[in-house]
Amino acid sequence: RCRFERGDDADDAAGVSPDELGAVAAAAQAGGRYDDAIAAFDAILTERPDDGDALYGRARTYGWNDRWNAEKRLLVEAVAIAPKHAKIREALGNLNAYRARRGGPSGGGAGFRPAVSGLALRPSRDRGRLPS
């Protein structure tokens, strides 16, 4: 990890194998360091442009970093590059289904229903008490 993150050379990934970079990316994801994870996935993809795990990981990391349009675009690109990768297909299917339930790409359309619809809201003095 240190050899990659130090970036002493012009090529940040010099001397670091794609497998080692995968471990760096996983550690960065787990630690919420999404930009570091994306950089590691990008370095893997420089060496292995059709690496399904790196394509999947990069796309999902963008989503976890609240960059959902980029996640969608990257998943669409990833499924074209690695069409047999099950996690890519599943993530893209889930994303498409979620957006369809929300009424389209921007959400809030006819299919959107707030999770609390039908609940009777009470004045704030009743906060924390269940409706009778």
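L55, R58, A59, R60, Y62 and G63 in helix α4 meet W68, A70, E71, L74, L75, A78 and I81 in helix α5, where contact means heavy atoms within 4.5 Å, and helices are DSSP runs (H or I, at least four residues) numbered from the N terminus. By class, this contact of α4 with α5 has nine nonpolar, one polar and three charged residues, with Ala, Val, Leu, Ile, Met, Phe, Trp, Tyr, Cys and Pro counted as nonpolar, Asp, Glu, Lys and Arg as charged, and the others, Gly among them, as polar. This is a predicted model, in which local features need pLDDT of at least 70 and side-chain atom pairs count only at pLDDT 80 or more, while totals for chains, interfaces and linings use all residues. Residues are numbered from 1 along each chain as its sequence is written, and side-chain values use heavy atoms, with hydrogens and water left out.

The axes of α4 and α5 (residues 68-81) lie 7 Å apart at an angle of about 165°, the axes being lines fitted to C-alpha atoms over the stretch in contact, with angles from 0 to 180 degrees between N-to-C directions. That angle makes α4 roughly antiparallel to α5, a term for angles over 145 degrees.

Turning to the other partner, α4 (residues 52-64) packs with helix α6 (residues 86-101) at an angle of about 25°, their axes being 9 Å apart. α4 is therefore roughly parallel to α6, as angles under 35 degrees are classed. Here G52, L55, Y56 and R60 in α4 meet K87, I88 and A91 in α6, a contact with four nonpolar, one polar and two charged residues.

How values were computed: Helices (H or I, at least four residues) and strands (E, at least two) are DSSP runs, numbered from the N terminus. Angles under 35 degrees count as roughly parallel, over 145 as roughly antiparallel, 65 to 115 as roughly perpendicular and the rest as oblique.
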